[in-house]
Amino acid sequence: MLLEVTGDILLTEARAIAHGVAPNDSYHSGLALSLREQWPAMYKDFRHYCKTRHPKSGDAWAWGGVGVRVVCLLTQEPASTAGGHPGRATIANVNHALRSLRKTVEA
C-alpha cells in the first residue's frame, strides 16, 4: 500500500521510502541530498548501478540497508551534459516507474 506522509520522511516507520530521481542523478538537493547524507552507501551503490546498467527513465531501483529500503523511481530525464541539471519528471516516466515499483513490491 502506498501512503502519502508529511513531515520528515526519514523518520518514517514505513517499510520503504520511494522518491523520484533522474538516471545518474547527483543527489545534490532536496530529499535526495538527505538520503545521500543519511545512507552514503546507497548513493555509492546507485552511482555504480547507473554506470554499469545504464538505466532509462521510467525504471526503478531498490536498495536495502540495515532497517531501511529505498526505491529510486527514475521519473526524470537525465542531464543533457555532465554536471548539468536533470530534466523534469514526465507523466509517462512516472507511470512506468510506478509499474516498476509494483513489480519490485510483488517480488
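Modeller: The chain has three helices and three strands, where helices (H or I, at least four residues) and strands (E, at least two) are DSSP runs numbered from the N terminus. Their order from the N terminus is β-α-α-β-β-α. This is a predicted model, in which local features need pLDDT of at least 70 and side-chain atom pairs count only at pLDDT 80 or more, while totals for chains, interfaces and linings use all residues. Residues are numbered from 1 along each chain as its sequence is written, and side-chain values use heavy atoms, with hydrogens and water left out.

A nonpolar core is a set of buried Ala, Val, Leu, Ile, Met, Phe, Trp, Tyr and Cys residues joined through side-chain atoms within 4.5 Å; buried means under 20% relative accessible area (1.4 Å probe, protein chains only). Buried residues make up 30% of the 107 residues in the chain. The largest nonpolar core holds 17 residues, of which Tyr-27, Trp-39, Met-42, Phe-46, Val-70 and Cys-72 touch the most other members. Two or more residues come from each of strand S1 (17-21), helix H1 (30-38), helix H2 (40-53), strand S2 (60-65) and strand S3 (68-74). Helix H2 gives the most to this core, namely five residues.

Leaving aside residues up to four places away in sequence, Trp-39 touches Leu-10, Ile-17, Trp-63, Val-68 and Val-70. A second, separate core has five residues, including Ala-60, Val-71, Ala-97 and Leu-101. In soluble globular proteins, nonpolar side chains tend to be buried together.

Technical notes:
Buried means under 20% relative accessible area, exposed over 50%, partly exposed in between (1.4 Å probe, protein chains only). Contact means heavy atoms within 4.5 Å.
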